[in-house]
Amino acid sequence: MKTAFSAAAAAAALAVSAVAQDDPDRFEIPDDARATAESVMATALDSDLSFTLLESLTTEIGPRGGGAPPAAGGPGGGGAPHPPPRGAA
């Protein structure tokens, strides 16, 4: 989980860098932060952690059938119905 967060942080930092290329005075990322982000991104790209997690989910847990309620204790409060969409009566 920590690696995934770090990879997301690195991607966000590089995205800001890409936006900054349009207006160099808008954002300034220190060189050490840029180096850290690039290092974390390279480590994440070389890792097979995401594949391992996906493989585990699909082989050990398997799919949830269409229309099946969420698992107890999972997102959504353990089977609680989703709130109605905004503006629904």
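This is a short chat about a predicted protein model.

Reader: How many helices and strands are there in the protein?

Author: There are 3 helices and 0 strands, where helices (H or I, at least four residues) and strands (E, at least two) are DSSP runs numbered from the N terminus. Residues are numbered from 1 along each chain as its sequence is written.

Reader: Which helix has the lowest mean pLDDT, and which the highest?
Author: Helix α1 (residues 2–20) has the lowest, 63, and helix α2 (residues 31–46) the highest, 93; pLDDT is the predictor's confidence in each residue, from 0 to 100. Where pLDDT is low, the predicted coordinates should not be read in detail. In this predicted model, local features need pLDDT of at least 70.

Reader: And what comes after α3?
Author: G62 follows α3, and its phi is positive, near 85°.

Reader: New topic: what share of the protein is buried?
Author: Of the 89 residues in the protein, 4% are buried, meaning under 20% relative accessible area with a 1.4 Å probe, counting protein chains only.

Technical notes:
Predicted model: local features only at pLDDT ≥ 70, side-chain atom pairs only at ≥ 80, totals over all residues. Heavy atoms only, no water. Buried < 20%, exposed > 50% of the residue type's maximum accessible area, 1.4 Å probe, protein only.
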